[in-house]
Every structure is written in C-alpha cells, then in structure tokens.
Amino acid sequence: MQFAPFVVQAFQVGTVVIFAPGVSGFIAKVEARLQGRRGPRVLQPYYDLAKLFGKESLAPHGASAGFLIAPIVAFACYLTVPLLIPVLTTYGLPLGTMGDILGGSLILALAAFAVAVAAADTGAPYTQMGSSRTTTFSALTEPVMLFVIFTVGFLTGTDLPYKMASTVTSSASQVLRPAHLLATAALFMVILVETSRIPVEGHSSTNEFGMIEHARTLEHSGPYAALLAWGSAMKQMILYILLINLFVAPWGLATSGRPLPILIAVVTLVLKCCAVGCLVTVIDNSFSKLRLFKITEFVAAAFLVSVLAVLTIYLGGG
Amino acid sequence: MQVVAPSAVNAVASTIAILVLLVEFGMLRAGLLRSQVRLYAVQSLIASLLAAFLGVVHQEFELFILAGLSIALKTVVVPLVVLRLVRQSGTAVTVSGSLKPAGAALIALCVAAFSFFAVGRSGLKVDGLSPTVLGSAVAIIAVAFVLMVVRSDVVSQAVGFFSLENGVSVASLVVAAGMPLILEVAFLFDLLVAVVVFGVLMRVHHDQHDTLSTARLTDLRG
Amino acid sequence: MRLLLLVTIGGLVGLACLVVPPRAARVITVGAGLASLGLSVALIPGAVGQPLRLGFLRADALSVVFVLAAGFVYACAAVYATGYISTSAPAGYQRRFLFGLNIFGWALICAPLVDGLALLWVAIEVTTVVSALMVAVDRTKPAAEAAWKYLLIASAGLGIGLFATIIIYHAGTSVYGLSYDLTLSQMITAGPPLDPHATRLAFVLAVLGYGTKVGLAPVHTWLPDAHTEAPTPISAMLSGALLAVSFYAVLRYVQITQPSVGGTFVHIILIIFGLLSLLIAAFSLITQQDLKRLLAYSSIEHMGILCLGVGFGAPVAVAGVLLHVLVHAAAKGNAFFCAGIVMHKYGSKDIATIRGGLDKLPWTAPLLVVSMLALCAFPPFGMFRSEFMIVAGGLSRGPVPVVIVTVVLITIAFVGLIRVATTTMFVPARPGTPAAALDRAEPSRSMIIPILAGTAVLIVLGLHPPALLMNLLTQAVHEFAGGVG
C-alpha cells in the first residue's frame, strides 16, 4: 500500500506540528541534565500548550487587530514551510515546487515580521525593545542566509530544495567540499541566532534586558501565546530540518510512499533533530552569552564564513 | 560553478587550507596578544597537518619529516619565544590597532576575495589540487599583510609576519610539492633565525620605548 | 679552492671575534676584509671563461662583479671600523660590533656565490637579519625604531621573494619534472620552455620582494631610517653592498625569466620601478636636513638608475649597470665614511649645524667634496663613465622620453647633493656657533685610509679601467643576454 503524494505531504506538515514541542522538551531535558538537574519531563511543552489553550486571552489597550492576527499568521507560515523543504522524502511532492528555497526563507521572514509588528503594536517597553532588537539582528543575519543559499545553489546548480538534497547526498566528496562545510558552519551560526540560543540569548532566562526574541511574545496570552510558543518550536524544528536534510545528514529519507519507509523517515528525522538539539545544548552550556554589541561580531563571523564559502566555490572551484 | 565535486582528496586539502585562512581571520579579530600567538600556533599545526595529509596521499615520506619539523619549530618553539617576551614585558596584554576588528575583517575579506580572483585569473595550472588551495594560500599572505598594516604593536606585527610565512609554506605545498627536502628545511631554519632576531629586536624596542606599541614610532620622518 | 676560502673566511673570523680580546679582534677583522677583497680579485681571471663550480657554489662573471663590490666595501668598512669604534667602549659592545660586521660581510660575499635560487633567498635573508641586528647595535631610541621598521618591511618583502621562488620552481617543473634542485645553471639554461604565466608572476613578485631590499620605491620606506641610524661602517656596507647584492637577485630573475616572458614585459616593469625610485629620491634629496639621510636617498636614486639601466636593455647599458655597481660601492662607501668622520667631529648629523668643513678637517673635507662629486657622476670619476654608458644605451635602444626624464632627475639629485656639500664644507662657520670652536684636526688616521683607497679606485675606474675588469664586464653582459655562460 502506498500513500498518495499529497497524503505524504500532509504527513510532513503533521510531523513538524506534532513533534516540534517534543523536540523542545527533549532539548530542555538534556540541558538540565548537563547542568546536573533533573529537569522537566520531555512532554512538558505539550502540557504547557494544553494549559495555555484553556486560559483567557487579554490584549493591551490600543492594540489593533494585528496584535491578535499575528500569531495566526505566524503559525500559518510555519505550517507552509514544511511543504517546500524535504522533510520526509527524497522525491518531490506536489506543492513542493510552490516555492524555492528563497521563497521558503521569505515565508519564514514573513512570520517573524508579523510577530515583530504585533510586538511593536502593544506599546509596552519590553516587547518593543525585543521587536527592534530582533529586527536588527535579523537584518544582519539575512545576508548570511542569502550567501548560504547562494553557496548551496552554486554547489547543486539549482534552487529547489529537493533537488539540492539529492545532489548533496550523491557522493562523499560533495559533503567534504570546503564550500559545503563552510556553508554548514555559517548556517549553524545563523540557527543559533534565529532560535535564540547561547551565545546570542539565554534561552531560559527571565531577565527582560537580555531578551531578544522572547521579549516579543511577552504581551500575548492564552491561545495566542500557545500559538506563538508552538510556532517558535516549529521554527526551530524547521531550521534543524533544513540543516540536516540539506547539509549535514540527509540519509534515512523515504524513497517511496509506503508506510514503513515513511515511518522510518519520521523516526530518524525526530532523532536527528534531537541530535542537533544536543549539540546546541552542549554549546549552550560551554559558552557564555555575548554582550549585545558583540552579537554583531558573532554575526560578522558567520558572514565571513559564508562569504568564504561563496568565494571558494565561485572563484576557487572547490 | 561546479556541480561536479572535486575528488575527496582535493576536498579535504581545500578544507584544511580554508581552515588555515579562517585562523588567519581569527588572528585579525583577536583582542589579546596571547590569544594571537596561540592562534598562530594553531595555524602552524593545521598547515603541518596539510603537509602530512599530502604526504599520505602522495606516499612521500619527506613531507612527513617536513610536517614534523614544522610542528616542532612553528607550533612549539616560536610561540614559546614570543610568549616569553610578552610575559616579560609586563603590562602589555591587548593588541593595539588603528581599525576596529570589524572594519579590519571587512577589509581583509575584500582582500581575500581579490586574492581568489587573482589566482583564478593568473592562469597558473595546478595539477592535482583544486585552485582553492592556492587561492587560500595567496589570501593568507594578503590577510597577513593587512594584519601587519592594521596593527600597531610589535608582537602583532611579528605574528603577522610569521603567519605570512605560513601562507607561503601552504602555497609551496600546492605549487612546489616536489621541492627537495633540504631546501624546505633550509627555509624552516631560516625562519627560526628570523624569529630569534625578531625576538631580540622586540626586546630592544621594549627596552628603549618602554612599551610594545609602535604607534609612537614617528621620530624618523622625511 | 679559492671559492671555498672566500666563503668561509668572513664567518670564521666573525665567530672568532666573539672570543678574542677586542684589539686582536680588530686586527683579524681587517685581515678578513683584505683577504676577502684579495680573493675576490683573484677570482676574476677564472670567471672570464666558464663559471667556476664547487659543490653548491657557483661563480660566473656576473657573480664575481657583485662579489668584488661586496668584498671592497667589506675591506674598507673593516679598516674604517678600527678607527670608528672607540677603544674605550665596553668590550662586549666591541665584540658584538665586530662579530656583526664580519658575519654581515661574510653573508654579503656568500650571496652572489651560491648556486640556487632557494639558497640565494636564504643568503639574503641572513643578510637581512644580521644587518637588522647591527642597525640596532647602538641601542638608542631612533636606532631601535629604524631597526624594527627595517626588519619588518624587509622580511615582509623577502616573504614575497620566497613566494616568487616557489612560483619559479613551479615554472621549472614543466621543464625539469616535479622534483629538482633549483640551481642557477638549470634555471638559466631552461629558457623559453618555462611556463610563461608562472614565470611572469614570479618575475613581478621577485621585483617587488627583492626590490624591497634593493630600496626601490614604493617599498623603500625602511631605507632612509635604517641607513641613517646604523653605525657608519654598517651604513656603508648597507648602501654600498647590500643593496647591490639584493639587486643581484633581481638580475638573476631577469636573466631566468627574460627568455620565456619576453624582453618588453621585463623592461617595462623595471623602468616603472626605476623611474619611480629616481623620482622620489631626487625630490627628497633637495629638502634633506640630515647628512646620512641625504646619502641614503642618494642610494635609492642610484638603485633606480640601476633598474633603469637594465630596463633599457641595450648591452652597453647593462655593462654600465655592472660598472655602476662597482663604482657606487666605492663612492657611497667613501661618502658614508666621510660623513661619519664629519659627524664624529661636529657631534651631530644636522646639516644646519655643520659649517666650515674645509677649515676643520684638512683631509676629510676635500675627500667629502670629492665623493659627493663622484656620486653626482662628475668626470673623471667612475660614475661618469657608468652613467654615460647607461644613458647611451637608453638612447640607442630604449624609450627616449624615459632617458630624458632620467637625466633631468639625476640633475635634480645633483643639485641636492652639491648644495649640501658646498654649504657644509665651503661656507665658513659663523663665529659663536659650536662649529667655530672646533679645532683643526682629524679624529683618526685609520678612518681616512679607506676613503683614499676608494677615491683611487674611482679615479682608476673612471679614467682607464683595467682590461681584465672590462673583460669581466663584457663576459657578464654576454652571459646576461643569454649566451652560454
């Protein structure tokens, strides 16, 4: 029995939706263990989401409709992106050619934009501070993302994510190319910035002055807060999937629509995401948070690495 | 734009060369004298690893000897000499420069891009290894020049010169891989002599000017 | 056999200076200098034929010209140093000074004699480090500054030179295979099959890299400082011999790359660098206030002239270049020695305070005027002959506008030098200034002797160069132009 392609595509979105909070919970647990604590249970984020959906939601005085629409827009974007990137399969799925990789990053940026506008809409000081900080740092990481995308485009000769993945997996020498490795490193650094981990932001701190991304969601409550929290967990998982399936370890994907390969693909994907999460946690516990003005240097280092990646492949043939 | 990848050997060699270049950029951004010297030690280690790797690939024993010697000299002896001077100079801890690290890094990036471009256009035929390795060697030399120009203390300038020699040795691995061992050893020992003299002059400078900074060396003009 | 002796004597004596008492050290230094000069002269007859070979040493006519220059300056500096180093200086200082002087002279003589581009690089690097240490031997603030600038810039230039060596090795692999000794004989006889791209790149890098040590603009910035702050015998060796030996390296690269790259490219590069150096030096000479700095810029000027001479390409110009190397060694050495005596007498380098030289220094003042005239290419001194040959060669083959600009710039430099010579030597000291209070005496006799020897050499080379020497020069030009040497 084979699943129809659009069913498989629905599975892709479903995998991301269902397992994203679980990955977050797993990362929190590992982080706590590394710090010597017992930590929350792995399924805690699901319970948090359930609790939040049951609470009432409030909006600040003077906030417009955008404040309430933004979490929905963001969630919708995060539901769309898994349609475009190779999550479970090596072959293209319908609607997979709806957007290329630039389109995918545009949709992610749209989500961030919506949340930032909502945060600015509130008029509260901390959320506005978080919104402006996030936008600034996103502006700095955009060139890095672009150069990473250019590198992958040069490496594979296409900008469709599915075709990119198949080129990368074709041989060992493709994986070892310096341009590829440099682009991976740059993307990893961008992921650290976008998912707000050390050395950019303390993930679990409650100190508002140090917050960059978390401060944006301070004013939302109830189901909207739940959607935002779910959305950011999904964004994290999507970025991890990009890193894994395009760059680092694109093996284990299903080559057909039969149930068993699909199931194996789901399981390996979740495990790989957890592995990346472990790496992120180790980095989290090894370094200290950078001061705010040093974050630009961090992003500049990522920019340097990504430009070198482009240079080596464009001018060096490597 | 090559969709066809270079061979795995090529790819690993290119990656190691790029790593050396990245360490060079790291030196540009280092804020402490000590970290700069340590980065130089790391850079020499990686460059020697490239020599050893090429020795494995081409089955040449001489390259192993070269790698071993250069690790002994450039990773151990030279940083020790320089670190001893830094320790003896007392208070000097940070680098001094005329540009912020970010500005210097941008300039160095442009210079490195130009080096890659120039190597691609120079028409040098490099058989066996991809042009990336030669391009990154020339980029290392160019960024080392930027380092020497931008910094204004003797230790940073000296370490910049040593890393320039590292860049030349990476280039020699690509372009002149068959050079007789005796010549390569002569280069290494000559570098060692130069390091000793650098050390002596750094000490003389420190004795005379009471500082490691060269920002005040403006007496001789015209 | 003579070769072997020549390349070891300076080094051995230098090492010996570290252990023997200072008086004996001076004596053996003079002995080493004179012996090196004698052995260099003895090489001339042998080198007119086939190049002499011994292991990794090689002496063809081109090398012998430069060995002669280096040997002459080494000998003169050795004699001068016995008067220069005051006997009351600490023994450690005297030992260090003489050790450095000997090792420097030894390295200068070895460099033209080694058979191999890589060994050449090593030899010139040794000269750099030794001379950098010697610039700072006096341990003063300006000397430390000058030594640091010199070492950094020259080493960076030699780093580029090393890169050039590697690229020319790569060029040679198309002829000799992947692994070969980079000997001069191999590279010179390789000729056109050398890979033109790599050779072109190697040539430009070599001119830039070794040109840093020659003192070509725009990488000359270390030269005025280093030559000014070094002690006088070392300044003389730096200006007279080290610049020439570095130029020898450039000449070898020209010789090797010319067949495959073509004469035009080589000539254009050399003319650009030469003209730029001449321009900067000439205009800097007019406004100098410091006596030794003046002479340092004059060295840059003459190195520019050397480059232009080779850039013109005519055989008579190249012969002029080689003769110029010899006479410049003698004349610049003379000038520095005189300047050293003047500075010792007047206690300062500042031209404004030095007046009335003819009254105070009966021997040195006329000799200083003579050496300045010699540097300006006055007849009957040798430099007139060599610059005449260069200009004649340029007019016959090279671009004539360049020759005209060259002559104009040389004249500007002449103005700068003569102005200083006349104001310091002829204008009497104003009463009441410290200069007027000096007595009429020479500081030391042994400092005069090398100047007299140098002047004699200049007159001989100008009026009637010995036939043997002219044979040597002819053979060198023949080899340089690609004849079988």
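## Contacts between chains

Chains B and C share the most contacts of the 2 pairs of chains in contact, where contact means that the C-beta atoms of two residues, placed from the backbone, lie within 7 Å. Chains A and C do not touch, and their nearest C-alpha atoms are 18 Å apart.

This is a predicted model, in which local features need pLDDT of at least 70 and side-chain atom pairs count only at pLDDT 80 or more, while totals for chains, interfaces and linings use all residues. Residues are numbered from 1 along each chain as its sequence is written, and chains are lettered from A and ligands numbered from 1 in the order in which they are written.

## The side of chain C that touches chain B

In chain C, 34 residues are in contact with 37 residues of chain B. On the chain C side, α5 (117-135), α6 (141-176) and α8 (196-214) each supply at least two residues; helices are DSSP runs of H or I with at least four residues, numbered from the N terminus. The most comes from α6(C), with 18 residues.

By class, this side of chain C has 23 nonpolar, 5 polar and 6 charged residues. Ala, Val, Leu, Ile, Met, Phe, Trp, Tyr, Cys and Pro count as nonpolar, Asp, Glu, Lys and Arg as charged, and the others, Gly among them, as polar.

## A helix pair in chain B

Within chain B, the axes of helix α3 (residues 61-88) and helix α6 (residues 154-175) come within 11 Å and cross at roughly 175 degrees. Therefore α3(B) is roughly antiparallel to α6(B) (angles over 145 degrees count as such). Axes are lines fitted to C-alpha atoms, for helices over the stretch in contact, and angles run from 0 to 180 degrees between N-to-C directions.

B:Val78, B:Val82 and B:Val86 of α3(B) make the contact with B:Val155, B:Ala158, B:Val159 and B:Phe162 of α6(B). This contact has 7 nonpolar residues, with no polar and no charged ones.

How values were computed: Parallel < 35°, antiparallel > 145°, perpendicular 65-115°, else oblique.
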